[in-house]
Amino acid sequence: MLLNFFAERFGAGAFVGEKLWLGHTGHFLIVFSFAAALLAFLAYFAAEFSTQQQNKKQWTNIGRWSFGAHSTAVLGVFVLLFIMILNHMFEYHYAWRHSSTELPMKYIISSFWEGQEGSFLLWMFWIATLGMVGIFTLKNYEQPVMGIVAITQVFLGTMVLGIYVLGHKIGSSPFILLRNEMLDAPIFQRPNYLDFIKDGNGLNPLLQNYWMTIHPPVLFLGFASVTMPFAFAVASLLRKDWDGWVKATFPWALFSVAILGTGILMGGAWAYESLSFGGFWAWDPVENMSFVPWLMVVAGLHMLLVYRYTKHSLVSTYLFFILGFGFVLYSTFLTRSGILGDTSVHAFTDLGMTGQLLVYMAFFIVVGITLLIIRVAKKQLPVVQKEEELWSREFWMFIGSLILLLSAVQMTFTTSIPVWNKIFGINIAPPEKVIAHYNSIQIWIGIIAALLTGFAQYLTYRSGKLPSTFKWASYSLLGALVLSIGIALAMDISFTQQYNIDLSKVSDSLFIKFPFISPYFFFLVASMYAILGNLGYLFLVLKGNLRLSGGSVAHFGFGVFLVGVLISQGKQQVISQNIQGIDFGKEFNNDDKRDNILLLRDSTLTMGDYQVTYTATKEEKPNTLYLVNYIRKNKVGETVENFVLEPNAQVNPKMGLLANPDTKHYLTKDVFTHVTSLPDNRNLKDTSLVAELAVNDTFATRTALIVFDSINPAPTLPADFNKEGKLVVGIHLQVKSEDKKTYTTQPVFVIDLANGNEISSLPGAVDEMGITAEVLKIDPKSKKVTLNIREQEKPADFIILKAIVFPYINLVWLGGILTFLGTFISMYRRSKEAKTVAA
Amino acid sequence: MKKLHVILLIVAALGTGAILYSATDDFSTYANFIQAKEKGKGVNVVGYLVKDQPMVYDPQNDPNFFSFVMVDKEGNEQTVIYKGAKPQDFERSEQLVVKGKMNGDVFKASEIQMKCPSKYVNDEITLKEGEEGGMKTVKSNL
């Protein structure tokens, strides 16, 4: 009995070669980690509500050990899943579905988080890691914060449980066997079925990219980090301790801003470098919903600063941190429930966990918001009697946060269209011009946010009096105005052009009469102001003090980022346009863009400053690289630059054309090249001609001249040809191509004398030209031969290409990096502060 | 309530209202081709490619012109033109969503989304059975 039990689970079962130990250990660890997280939650909350010091200490210890055990188990699951994928254990559905044997190491790692189960595990792994840091650093806030961290792990744990409770499937385990997932496939009736499963389904070719190896871990660390400020906010609301949490929360919130921001920016870099979006941001639902939580944490961070220095804005601080985490959960719900359907390129496949995801989301949002409402309704929060002064720093920071909230509202509202359809039973579709839809609102958000970052720092907390240094804020504005006009003239920026923003709603004529009255120009001024204002503050007010410089560096970076966005997008130039030199002007219509150009092999076209030639292809399985040569000449006609771009494409049997662009990077611009279509060479037609020729006759086919130059009575024959009793005659042919190359071939005519003069023939071919000749008849009297000449249609050799120049795109990356660098500087400063308080 | 807060709340409410209003203004709708003709503005049409009707894409002549015939879910056939490169394997699409509007007798699409019969993640095992020679495909829907 007992032996049977073990034999079934660990020994050789009914199937040969399955390594069941891994799945069983994995299932066990998942259930164990779930239970341990639950215990950690209960213990930490018991500790939190214990009044006796002794009990509190004991419960805290139980909480710590359970969380430690939980984290260890999560790590164990993580390692097991890696072992499964690395060793190609295709008896497991996850390994079979997401990986294959030919994948190189970096993509095998990516297979880990391609599926929902793996990415949930990645998320849990990061929260467990942050929690372990928390145990050692949280001090007197450990109990409630860790209790909340543990309960988020409980909920996340249910997503990978994969057990049935009362007929409902809870979660989806990565350790499901392939044969259990596909019960009806007849193959699994064979005990040795594994011998037939040679390879897995493999990683989606779109995701076979090094960014897929590094972007998800950073992004999920970002998502995980948003848990911490949320946990602090709820903990403080529970304790009714309005001040004790503030300094300890700063480093966590700053960490979250920096890491989540980096993750989002990396996603943009991925989209720009290797996907065919033709840009770094497409306002895709999934992009938007990772950006919204970031905005909320940024707003929360600023409100926390206001509260710290003025005691104002406490409610907003709580609200933003709760919303930040709430939006992470909402974004999880959108991307993983299948509700987005076809509106997004990167949603996961539906695993039927919609209900579970809803419960998860509702639980934390309801708990957080209810707690906040109770505290506000009972008037338990401290109230500052004095109103904010109009010219105080806190007032404008509050306005800034409100602006970020508006930005989030618009993004969420439009992204949620599939949700509105479901809830209200309506049938609306996303906007036709999605990018213009978002840009036309978000540009104003950008303008106001940039202006605020430029001057709010010059104001002081708790005082409406302008400090003497405020004059620098005004000078900066003047400087920004002058610089912007200069840049606009120097770079020939036309502010009346529509770019990607729909201005038709605003009066057109106004912009034409006064080109500088344009949102783009305001955007440029505001961004330049963010740059100058923060530079000025850093050097004139802070005197270059590095320790205090975090905010200025971050806001300076934000300004650089915005300038990069405006110029790289606004001045981007599609150089592969079919009609050149025609100003489409205001009539320029999205529908009539002619961005694709046909490039025949070895022919040269002028695109922008370049002479562009498609010269060759290179096979790099499964991709084909198309070598596109760019030459730039100066006025005298000398070549000053010569480089080759290698955009690649594969015609994937399952997904159609998959193309990756290639980009030439300069300091001040990028030349982006992308294959948009390839000739369809699948249905090539053969032509077949019959010709009767005497020696020295010439025959013309569509692409060749064929000369019958001699008869060869002793032709070379294939080694396995038995010429016993046969008469063989070789017909020697010259085949001349259009480009004056001459090939020879020799079809052979065979008469089997021993076998009733049966006739057969051995065709001769010129593979280079796709020509095959076969002898049908030889007339001994007229000495004429009858040939059947087959000619294959030559495959078309061209690429359809799109090439774009993005000027100053490096400012986007530089600005982003500076923003997060500044945030890390602040984190360093605030961590020190947090330590001095706790000690 | 402090007066500043009242002002702020009003501004925020107006701002939100304006944003949501302008958003709904941009929203598109799903329609069939008859409705698209009646409305005259941008719509999304869901339907299928009519495979026995000619498809025009001659990149040597114009790489930015592609036309095909599509039938919507109510059975209305319509010629659709798209100013861009023809998506690879278009013939194999199972379902199409075209965004755009009627322009005279043709529907001018600004965007085409195609749903392919086998998204990459379908569960299909290809088995190589050596001893029996040849390949066998086992399909199973989850």
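**Figure 1. The surroundings of His88(A) in the predicted model.** With 19 C-beta neighbours inside 10 Å, His88(A) counts as partly exposed. A residue is buried if 20 or more other C-beta atoms lie within 10 Å of its own, exposed if 12 or fewer, and partly exposed in between, with C-beta atoms placed from the backbone. His88(A) sits in the loop between helix H3 (53-86) and helix H4 (93-98) of chain A. Its phi is near 50°, a positive value in a residue other than glycine. Most residues other than glycine have a negative phi. Helices (H or I, at least four residues) and strands (E, at least two) are DSSP runs, numbered from the N terminus. This is a predicted model, in which local features need pLDDT of at least 70 and side-chain atom pairs count only at pLDDT 80 or more, while totals for chains, interfaces and linings use all residues. Residues are numbered from 1 along each chain as its sequence is written, and chains are lettered from A and ligands numbered from 1 in the order in which they are written.

**Figure 2. The loop that holds Lys783(A).** Lys783(A) lies between strand S22 (771-779) and strand S23 (784-792) of chain A. Its phi, near 55°, is positive although the residue is not glycine. Lys783(A) counts as exposed because it has 11 C-beta neighbours inside 10 Å.

Figure 3. Helix H12 covers residues 314-336 of chain A, 23 residues in total. From first C-alpha to last, H12(A) reaches 33 Å, close to the 33 Å expected at 1.5 Å a residue. The expected span of a helix is 1.5 Å times one less than its number of residues. H12(A) is mostly covered, with 22 of its 23 residues buried. Gly338(A) follows H12(A) and has a positive phi, near 85°.

**Figure 4. Helix H14 of chain A.** H14(A) takes in residues 393-415, and its end C-alpha atoms are 33 Å apart, which agrees with the 33 Å that its 23 residues should span at 1.5 Å a residue. Of these 23 residues, 18 are buried, so H14(A) is largely enclosed by the rest of the structure.

**Figure 5. The largest nonpolar core and Trp123(A).** This core has 206 residues. A nonpolar core is a set of buried Ala, Val, Leu, Ile, Met, Phe, Trp, Tyr and Cys residues joined through C-beta atoms within 7 Å. The residues with the most contacts inside the core are Trp123(A), Ala150(A) and Phe232(A). Helix H11 (residues 285-310) of chain A gives the largest share of this core, 16 residues. Leaving aside neighbours within four places in sequence, Trp123(A) is in contact with Leu156(A), Phe220(A), Phe223(A) and Ala224(A). Two residues are in contact if their C-beta atoms, placed from the backbone, lie within 7 Å.

Figure 6. Strand S6 (residues 604-607) and strand S7 (residues 610-620) of chain A run antiparallel and are joined by four bridges. Two strands pair if DSSP finds at least two bridges between them. Thr606(A) stands opposite Gln611(A) in S7(A). The hairpin of S6(A) and S7(A) has two residues between the strands, and Gly608(A) in the turn has a positive phi of about 55°. S7(A) is also joined to strand S8 (residues 623-633) of chain A, antiparallel, by 10 bridges. Here Thr613(A) stands opposite Asn629(A) in S8(A). A hairpin through two residues joins S7(A) to S8(A).

Figure 7. Chain B has two helices and eight strands, which run α-β-α-β-β-β-β-β-β-β from the N terminus on. Of its 142 residues, 27% count as buried. The mean pLDDT of chain B is 74, and 77% of its residues reach 70 or more. pLDDT is the predictor's confidence in each residue, from 0 to 100. Over residues 117-142 of chain B, pLDDT stays under 50. For this stretch the model has 34 contacts beyond four places in sequence. Where pLDDT is low, the predicted coordinates should not be read in detail.
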